[in-house]
Structure formats: structure tokens, C-alpha cells
There are 2 protein chains.
Amino acid sequence: MSEINVLVVEDDPLIAEDIRHHLTNADYSAQTVVHNKADALAALATESPDIVLLDINLGGKLDGFEVAEAINAHYHLPFLYLTSYSTKSIVEQAKFTRPMGYILKPFDEADLFSSIEIALYNFAQRQKPAKLTRELINEQILDKLTEKEFELLEHIFDGLTNKLMSERHFVSINTIKTHLKSIYGKLNVHSRTEAIAKIRVLLP
Amino acid sequence: MSEINVLVVEDDPLIAEDIRHHLTNADYSAQTVVHNKADALAALATESPDIVLLDINLGGKLDGFEVAEAINAHYHLPFLYLTSYSTKSIVEQAKFTRPMGYILKPFDEADLFSSIEIALYNFAQRQKPAKLTRELINEQILDKLTEKEFELLEHIFDGLTNKLMSERHFVSINTIKTHLKSIYGKLNVHSRTEAIAKIRVLLP
DNA sequence: CGATGCCTCACCCAAATGGGTGATTTTTTT
DNA sequence: AAAAAAATCACCCATTTGGGTGAGGCATCG
């Protein structure tokens, strides 16, 4: 993941600036910082962030929960609570809004980054289908395919045509076809769709 | 879910005891707590746990990864990493070991239970090959496709040819082709493999 | 009743795909 | 250095697939 767009909802200007500073230092390509619920809702609609860092306590009120509910209702986003409270009641209330985690104040840069990374990873794990990677495939079949063949299998998985594959690999379409024939033989199938179906059931 | 056997691999005796305490309070029927890699490997072989909670940092060394590799290589088990903020950017390393998730320290009982439950659920889910069902698909696309079209999309997903589909549905191959054209138009794709790729990314 | 949507089917044509054979070059392994 | 494996490419041919057009039957809905 190259560009991460972070929406920070934090009423305390010092903390907000601190977070913005840390994120800017790293390769997080964009951050939007807002200080209240209204701006947060607006930013959600316009900025399409990848993750939201959400202070529960916004200007003395627990508006963070309402932002969380808006996220759950209308978007499809992981969010982390920024909180200095660890009281039972807050946690009880917070967990019904299904955050990906909590960042407890005070926190340092490592806290921030690891929390974001883990949240994004866990969220992706829950939301996304298995991505075809070499590590994920059954080893017996893995062993049979060459590096090149596996790349082409990934392309098939992504819906590419032979022509597109040949252009992407700077080889002739005949070469692609030869590779595919080899793949089909090794997987014991007779078409690209069968190949996809076959490796799909081998995915964990 | 009746009896869950949890293997806890945690070198910090305080945290280990804390986890054991939480698990005992709930109806988790068995826990085995070990403090180092050697004992973890022994416990894996003898205790047949249902899930492993794995501290990455065991006695100052990242032995947790090696335990994870052992699990992946020789067992068939979900595991969760127990990790703290101080461990910097472990995700890059950790994700290649394919954990079911992470439990961030400090965590409370609710974190612990929900993480375990979610991990067990997701692990069970992913053992089954992805089944294309109507409920799983994005509703916008769902709405566009007719019942028949969706059935044929499932067949494409399973790698069937037009001929096989026509035989299975007792209609002519021309009818199948007409349906497919309609599907492609609605999904805005130009081939069956593209259609598969498209619906695949819409699956949860 | 007319409109609409769905399922059915046919015909045509172009493009893509699958299968077979054989070959050269490069890389890796032994 | 020799052998094996991998990657490259070119034919040929049959089949499959995709795209366009048109059309009949059937049900539902306004």
C-alpha cells in the first residue's frame, strides 16, 4: 500500500498538530485534520480516507461515538479511537461501535504507526478476499509452477487476456500461450476459468 | 462452540497469568500456558489446541515468528499475535507468517474474547472454498442481475464452459451466450475471467 | 391492454483460446 | 562441460468465446 489517507478527528490542537507532524514525517501521503463532529462528517464525505483516527471526546462531549456510528452506517472504513480514558463505561460504550483498536494517550510515533498498520491489516484481512500470492498457495502445486508461470497465473486471476499479458511481459502472444498450456497441464485443467476455480479452492 | 483449547505462548509471567485468569473466568475449557519456544513446540505436539495466542517477543528474541512458522508448516491452526506498541513495525515481518490477527497490549477481556472468536470464525470460514452466494455480493450489482444470470455467474465462478452450462440448464448454448452477454454488460466487463475478477473483489 | 422485463433461441462474424508439434536461446543444475 | 530446466517463438488447427441483431413466448405491472 503506497498512499495512505488518514483522517484525524481531534479537538485538542496540540495533539492534533502532533499527530499531523508524525504522519507528515512518515510516508503517509495525506492527512486531513478536523476538530469537531461536523467537519469530520464533511471530511468523510469528501476526502475518502483509508482510516480514521477518532478522538472520543470532542469539545467536552462524546461526539466521537456519533462519528463512529456515521462511519459504520455510511462508509466502509477502519477507525481507531484516540483516548485517554480507559474507564469501563467508555470502553463498554466504545466497543459497540466496533473500532479496530485504541490508541491510548500519551502515545509516541511508534504507537501511532504500528496501530495504523495493524488496524489496516486486520481490517483488510476481514474485508478483502484472499489475494493470490505465492505464499498462500498449496505447496504441492506451488512447487510445480515456475516463477513465470505463477506470474501469469496471477494475471489470469486478475482477468487479463493473453494479449495484455504479452504486452506486459514484452513477449509474443505465442509465448504466453505456451506458458498457459504448461500451466494447464500442471494444474490438470483445460481453461483459464478452470484454473481460477482450482486455485481458488486451494486458497486458505 | 463447546470446548476451546487455547495455547498461550507468553514469556511475561504477569501477562501470561492475566490471560490465563481471563480465560478461566470464561467458559474456555482449557488453556495451556508456556513461556518459551521449546515449550510451545512441545505443547503444539501434545495439547492439540484450537488456537494459539503468540507473543512475538519471547525473552528478548523474536522466537514467536519461529513458532508461527512451525504452526504453519506442521499444524492447521489459527494463531493471534500478542504484541505491544513498543515493537516497531512488526507487521511487515509478521504478515508473512499469516496470523489471523493481532491483539494489542494492553488489552482487556473483551478484546481477548472477541479477537479469539473472530479468529476462530474467520479461520473456519476460510477453510471452506469461497462459495459465491447472493448474500455475499455487493447489492448494487446484485440488483442488476436476474436470478438466472446470477446462477450462470456462479457457474462461471466454478469454471464451467458454456456447453456444460447449457446441458445443466437444459437450454441451448445460444441462450447461455445471450445471458452471458447480458451479464457482461451489467458488470461492465468483456470476458468471463474479468467477470470473476470483478466479483471476487466484491466478496467480503 | 400495452409496456416492460425475463427467458428463450437463431444466425453471423470476429476474436480469443486451447492443443499439438517443433525449435532456439538462456539459465540453472549437476 | 554436459545435462536439465526454463523461457522464448512459430506454425497449424479446432473449439470456444464475445459481440451484434432479431425475434417469439410468457409473466407481471400499471
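Of the DNA strand D atoms lying within 4 Å of the protein, 61% are sugar or phosphate atoms and the rest belong to bases. This is a predicted model, where local features need pLDDT of at least 70, side-chain atom pairs count only at pLDDT 80 or more, and totals for chains, interfaces and linings use all residues. Residues are numbered from 1 along each chain as its sequence is written, chains are lettered from A and ligands numbered from 1 in the order written, and side-chain values use heavy atoms, leaving out hydrogens and water.

**View 1. The residues around DNA strand D.** By class, they are two nonpolar, 10 polar and four charged.

**View 2. Polar contacts with DNA strand D (N or O pairs within 3.5 Å).** A polar backbone atom of A:Ser172 sits 2.6 Å from a phosphate oxygen. The side chain of A:Asn174 has an N or O atom 3.3 Å from a phosphate oxygen, while that of B:Lys177 has one 2.8 Å from a base oxygen. Helix H9 (173-187) of chain A and helix H9 (173-187) of chain B are the elements giving two or more residues to this surface; helices are DSSP runs (H or I) of at least four residues, numbered from the N terminus. H9(A) gives the largest share, four residues.

**View 3. H8(A) against H9(A).** H8(A) (residues 162-169) passes H9(A) with axes within 8 Å, crossing at roughly 110 degrees; axes are lines fitted to C-alpha atoms over the stretch in contact, with angles from 0 to 180 degrees between N-to-C directions. The two helices are therefore roughly perpendicular (65 to 115 degrees).

Methods: Near = heavy atom within 4 Å. Polar contact = N/O pair within 3.5 Å; in protein donor to acceptor, adjacent residues only side chain to side chain. Nonpolar A, V, L, I, M, F, W, Y, C, P; charged D, E, K, R; others polar. Parallel < 35°, antiparallel > 145°, perpendicular 65-115°, else oblique.
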